[in-house]
Structure formats: structure tokens, C-alpha cells
Amino acid sequence: MDIVAIQAELNALEADCLRELEAATDAAQLDAVERKYLGKQGSIKAMLSRLGQLPKEQRAELGKLLNQSSARAEAAAAAARDRVKKGALAAALEDKGFDVTLPGRLPAGVLRPGSLHPLTRVRRELEDLFTSMGYAVLDGPEVELEHYNFDDLNTPPDHPARESQDTFWTTTPGICLRSHTSPVQVRGMRWWRKQGFELPMRAIAPGRVFRNETVDASHEHTFHQLEGIVVGEGISIAHLLHSMKTLLRGVFGRELTVRLRPGFFPFVEPGFELDAQCLHCGGKGCAFCKHSGWVELLPCGLVHPHVIAAGGFDPGKHTGFAFGLGLSRLVCLRHGIDDVRHLLSGDVRVLGSFV
Ligand SMILES: [Zn+2]
């Protein structure tokens with residue numbers, strides 16, 4: 001046999017090999033083709049044994065041709081492998097059983113990082129904002145005496161807020177779960193006086209409050225408020241408005257569309273409701289704002305003289321303003337949460353989105 005015949009046989013083998021690589025559709029078929037032609041026992045390699053049949057001067061030439069042929073076949077095999085792999089991935093992505101939006105799996109032993117609850121973040125931000133303006137941060141008990149929760153706040157004995165459909169009462173008469181953070185107004189004033197601190201007194205009191213309410217998208221039985229109070233000589237509505245504007249700019253990072261309505265609360269005179277335009281629907285109306293386009297953000301007003309007196313100050317000389325900010329509602333507005341119940345649900349899918 002001469003080199004021309006062997007060369008023709010080699011070319012035919014190479015062509016077969018390339019064609020079969022081309023036709024292979026999965027890794028198993030590719031393995032088989034590679035074994036058949038390129039493996040140690042493969043037919044292209046087997047051609048080496050034919051070298052002995054040739055005259056010496058032609059052996060080097062055939063050796064070179066064999067190497068070139070093997071190299072081309074191996075390159076074609078690598079390309080075919082790449083093609084099959086990409087095809088498998090594309091098929092997997094198209095398969096409806098494979099959801100590419102699923103989060104990746106953490107390796108065993110690696111803990112998912114935790115994050116602060118959005119309420120905690122907002123509370124801390126507000127504490128920073130107010131302490132930078134000279135406010136003290138006060139705390140008060142969640143299980144409260146009736147007289148701090150109602151009497152000292154100028155709430156008449158027959159006021160409906162005292163009724164059990166609004167307030168959670170304990171089995172001990174005169175003790176309830178506080179229905180607002182306002183008891184800290186009187187507790188705070190007394191404490192301030194006792195400490196002998198200078199006026200004006202400036203304080204905030206963030207915390208949990210409880211109402212016996214029907215739970216819906218904008219009402220929870222447990223929610224978070226932030227009480228604020230400033231008492232001194234000559235404190236006026238102008239001070240109140242300035243502080244509220246500073247507060248909302250700090251919280252939302254921009255001027256908010258707000259409106260003031262007269263509001264009645266026993267512990268302020270005059271009292272106001274400060275509403276913000278609903279950030280969900282831009283004022284068009286949605287479930288969160290009860291289709292009104294506005295969200296009650298904070299009741300505020302000048303501290304009632306009776307409350308000033310209950311705090312141990314002189315209502316003839318001292319005036320003040322107070323406000324109660326609904327932290328839960330604020331968090332919903334800021335993060336576009338349309339249901340306040342998510343905040344206390346403990347659902348990690350909700351909490352994880354604030355990492
Ligand atoms: Zn709305």
C-alpha cells in the first residue's frame with residue numbers, strides 16, 4: 001500500500017469523524033465519536049500502525065499528516081462539546097420547570113445575612129434627626145396607668161377612646177395597654193422638671209402602641225408611633241410648623257405635599273391633622289389611602305394647658321407643641337408597602353427585601 005492510498009483512507013476517516021461530531025446532540029454521543037476516532041484504540045490513531053508498511057522516507061510525511069488530521073478532529077470535537085453544552089443550557093432555560101428568577105442556593109454552612117427591620121431603621125433615623133436638633137429620646141411603659149393614658153391628657157371620663165372596643169384593658173382596673181405614645185408627654189415633663197433641666201424641653205418618645213381595632217390594610221392592633229413634645233416660654237404654632245416641615249424633609253428627603261386640617265384631640269388646643277398626599281397612588285386613590293388620595297400622617301397641636309399643668313409646668317407661663325407620628329404608616333409610605341400588616345407578619349420575604 002502506498003502513501004496515496006493511506007492518505008485517501010485518512011481523509012475519509014477524518015471526514016466521517018467530523019460528520020459524526022456534527023450530528024452528535026448530547027455529551028454521551030460525543031464521547032462515543034471521540035472514542036471511535038480519537039481514542040487510543042480509535043481509527044485515526046490506529047493509522048499509526050500503518051507507518052511500518054511504508055518506506056522510511058514516507059513515514060515522516062504520513063506522521064505529519066496524521067498529526068494534522070488528529071488536531072483538526074480534536075478541535076472539531078471541542079467545538080461540538082461547546083455547542084452541545086450551550087444547547088443543553090438553552091433547553092433548560094426554556095423548560096418551564098426551571099425558574100431563572102429563583103435565588104441561588106447558599107453553600108452549606110453559610111448563613112444568610114440578616115437586616116434591620118424597616119421600622120427600626122426609620123426609628124433610628126428619626127432619633128438621629130431629632131437628637132441633632134437637641135431633642136432627648138425618652139421611653140415609657142407599654143402597659144400604662146389609665147391616668148397617664150387618658151386623665152392627665154385631658155381625656156373626659158366618658159370619652160369613647162376609653163372604651164374596650166378601642167383600648168385593650170387588663171383585668172386589673174385602671175391598667176391598659178397604652179393606646180398612644182402621648183402618656184410620655186406628662187411622664188417626660190415630670191421627669192424633665194425633676195432633673196432640673198433647662199427649658200425649652202425638647203423630647204421624642206418612639207414606641208409600640210396598641211388599639212383594639214379591626215385589622216385591615218391600614219390598621220393594625222399593634223403599631224409604632226413617635227411622640228414629640230416641646231415645652232417652654234413663647235412656644236407657638238410657628239415653631240410647630242417649622243419642626244413638622246423639618247421632620248418630613250428629613251424623613252422623605254424632599255418636600256411632601258401636605259395639608260393641615262383642624263383636628264380634635266383632648267390633649268391639644270388647637271389641634272391639627274397633618275395629611276400627606278398618598279405616595280402610592282399620587283393622590284388618585286387606592287386601598288392604602290382608602291381612595292381619598294391622602295394619608296393621615298400626624299396629629300399635632302399646641303399642648304393643652306391642663307396637660308402642661310399635669311406635667312408640673314405653669315400653664316400661665318409655659319406653652320408647647322406636641323405631635324404623634326405614625327411610624328408604621330410612614331414606613332409603608334416610604335417603601336411603597338400597600339398593606340401595613342406586612343410589617344408585623346415576620347415574613348422573611350418582606351423583611352429580606354430591605355437588606
Ligand atoms: Zn393612595
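1. Two residues are in contact if their C-beta atoms, placed from the backbone, lie within 7 Å. With that rule, Gly-188 touches Leu-138, Ala-203, Ala-205 and Ile-229, leaving aside residues up to four places away in sequence.

2. A note on the source. This is a predicted model: local features need pLDDT of at least 70, side-chain atom pairs count only at pLDDT 80 or more, and totals for chains, interfaces and linings use all residues. Residues are numbered from 1 along each chain as its sequence is written.

3. Gly-188 sits in helix H7 (residues 183-195). Helices here are DSSP runs (H or I, at least four residues), numbered from the N terminus. Is Gly-188 buried or exposed? Gly-188 is buried because it has 23 C-beta neighbours inside 10 Å. The cut-offs are 20 or more other C-beta atoms within 10 Å for buried, 12 or fewer for exposed, and partly exposed in between.

4. Gly-188 and Val-137 are 51 residues apart in sequence. In space, their C-alpha atoms are 9.8 Å apart.

5. Helix H1 (residues 3-23) packs with helix H4 (residues 56-94) at about 5°, axes 10 Å apart. So H1 is roughly parallel to H4. Roughly parallel means an angle under 35 degrees. Axes are lines fitted to C-alpha atoms over the stretch in contact, and angles run from 0 to 180 degrees between N-to-C directions.

6. On the H1 side, the contact residues include Ile-3, Leu-10 and Cys-17. On the H4 side, they include Leu-62, Arg-72 and Ala-80.

7. The protein chain splits into domain 1 (3-94) and domain 2 (118-354). Those bounds come from an automatic or database domain assignment. The C-alpha centres of the two domains lie 80 Å apart.

Note on methods: Helices (H or I, at least four residues) and strands (E, at least two) are DSSP runs, numbered from the N terminus. Angles under 35 degrees count as roughly parallel, over 145 as roughly antiparallel, 65 to 115 as roughly perpendicular and the rest as oblique.
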